[in-house]
Structure formats: structure tokens, C-alpha cells
Amino acid sequence: MSHDLYSGVSEQSKASAHRLDDARVLLNAERWRGAMYMAGYAVECLLKTKLMQVYGCRTLRELEDELQRRGVLDEHATVFTHQLELLLRLTQRSDQLRQHRTLWPQFTLVNRWLPAWRYTADMANRQDAEDFLEVVAQIMHWIENNV
């Protein structure tokens with residue numbers, strides 16, 4: 001399957017909203033780790049959406065080329081990543097979020113998200129999942145309004 005099929009700005013935007021909805025459904029079904037995984041993935045998709053909008057790109061491939069052309073992204077690096085902090089840095093709003101005394105610690109919690117959670121049998125627990133989804137919602141709100 002080609003990266004290009006699902007890497008457009010509108011697909012990433014829709015995916016972000018849908019994965020957050022999926023996370024809430026999984027939370028209600030007491031599938032704690034699945035809820036946390038989907039919530040983290042929603043943040044990833046939102047950051048990629050915002051990056052494409054900021055740099056005027058329609059696809060992630062275009063975005064990667066543009067960031068490399070500008071020297072913002074090393075030629076061996078990629079935007080086809082799950083590294084939330086790297087994606088945030090590429091928005092050039094990382095320092096702004098770091099200065100926010102309440103939200104930066106929340107982002108560091110969200111940044112602990114691992115794509116490998118989709119493979120783990122660890123069910124986590126209700127409190128961890130509820131807390132994670134709450135901070136994800138706050139971080140996504142900040143990203144929507146500040147990037």
C-alpha cells in the first residue's frame with residue numbers, strides 16, 4: 001500500500017477526528033490500551049495535518065520534500081514518523097508550548113505514546129486511559145488553536 005493513498009491533508013484531518021472518536025468508543029468499552037493508542041494516533045494525524053497546512057502542502061510526501069528543501073528536516077529524516085515531539089518541533093511552535101506551565105507537562109505525558117501499544121496485551125487501567133484521553137484532548141485543542 002502506498003503512503004500516498006492516505007497521506008493527504010484531508011485524509012489526515014479526518015483520521016485525526018475519527019481516531020479520537022475511536023479512542024472514546026474503546027474507552028467506553030473498557031479497552032484501555034486500545035483507547036490510549038488511538039488517542040495518541042489522533043495527535044499524530046493532527047500534527048501532520050497542521051504541518052501540511054502551515055507549509056502549503058497537499059500530501060506528506062510534498063511536506064517532506066518542502067521541509068528538506070528548507071533545511072528544516074534532515075535529508076535522512078522523514079515525516080512518515082510516529083515521533084510526536086519531532087512533529088511538534090517541525091511546526092515551529094514547540095518553544096511556545098514548552099513555555100506553557102500547564103500544557104507542557106501534559107504534552108510530555110502524551111509524548112510517551114508508543115505505536116507499539118497496538119501490539120501490547122497490557123490492558124492498562126481505567127484511570128490511566130481516562131487521564132491520557134483528557135490530556136490528549138487538551139493538547140489537540142492547543143494544537144488546533146496555535147499551529
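The model is a predicted one, so local features need pLDDT of at least 70 and side-chain atom pairs count only at pLDDT 80 or more, while totals for chains, interfaces and linings use all residues. Residues are numbered from 1 along each chain as its sequence is written, and side-chain values use heavy atoms, with hydrogens and water left out.

Helices here are DSSP runs (H or I, at least four residues), numbered from the N terminus. Helix H1 (residues 9-28) packs on helix H2 (residues 32-54) at an angle of about 160°, and their axes sit 7 Å apart. Axes are lines fitted to C-alpha atoms over the stretch in contact, with angles running from 0 to 180 degrees between N-to-C directions. The pair is therefore roughly antiparallel (over 145 degrees). In this contact, 15 residues are nonpolar, six polar and three charged; Ala, Val, Leu, Ile, Met, Phe, Trp, Tyr, Cys and Pro count as nonpolar, Asp, Glu, Lys and Arg as charged, and the others, Gly among them, as polar.

H2 also packs against H7, this time at about 10° with the axes 9 Å apart, so H2 and H7 are roughly parallel (under 35 degrees). Residues that meet here (contact means heavy atoms within 4.5 Å) include Met 36, Ala 39 and Val 43 from H2 and Phe 132, Val 136 and Ile 143 from H7. By class, the H2 and H7 contact has 14 nonpolar, one polar and four charged residues.

Then there is the core. A nonpolar core is a set of buried Ala, Val, Leu, Ile, Met, Phe, Trp, Tyr and Cys residues joined through side-chain atoms within 4.5 Å, with buried meaning under 20% relative accessible area (1.4 Å probe, protein chains only). The largest one has 44 residues, and Val 43, Leu 63, Val 79, Phe 132, Val 136 and Ile 143 touch the most other members. H2 gives the largest share, 11 residues. Leaving aside residues up to four places away in sequence, Phe 132 touches Met 36, Ala 39, Gly 40, Leu 109, Val 110, Trp 113 and Trp 117.

Most residues other than glycine have a negative phi. Glu 30, in the loop between H1 and H2, has a positive phi of about 65°; Glu 30 is partly exposed, at 45% relative accessible area (between 20% and 50%). Gln 92 likewise has a positive phi of about 65° and lies in the loop between H4 and helix H5 (94-98). Gln 92 is exposed, at 54% (over 50%).

Definitions and conventions
Helices (H or I, at least four residues) and strands (E, at least two) are DSSP runs, numbered from the N terminus. Angles under 35 degrees count as roughly parallel, over 145 as roughly antiparallel, 65 to 115 as roughly perpendicular and the rest as oblique.
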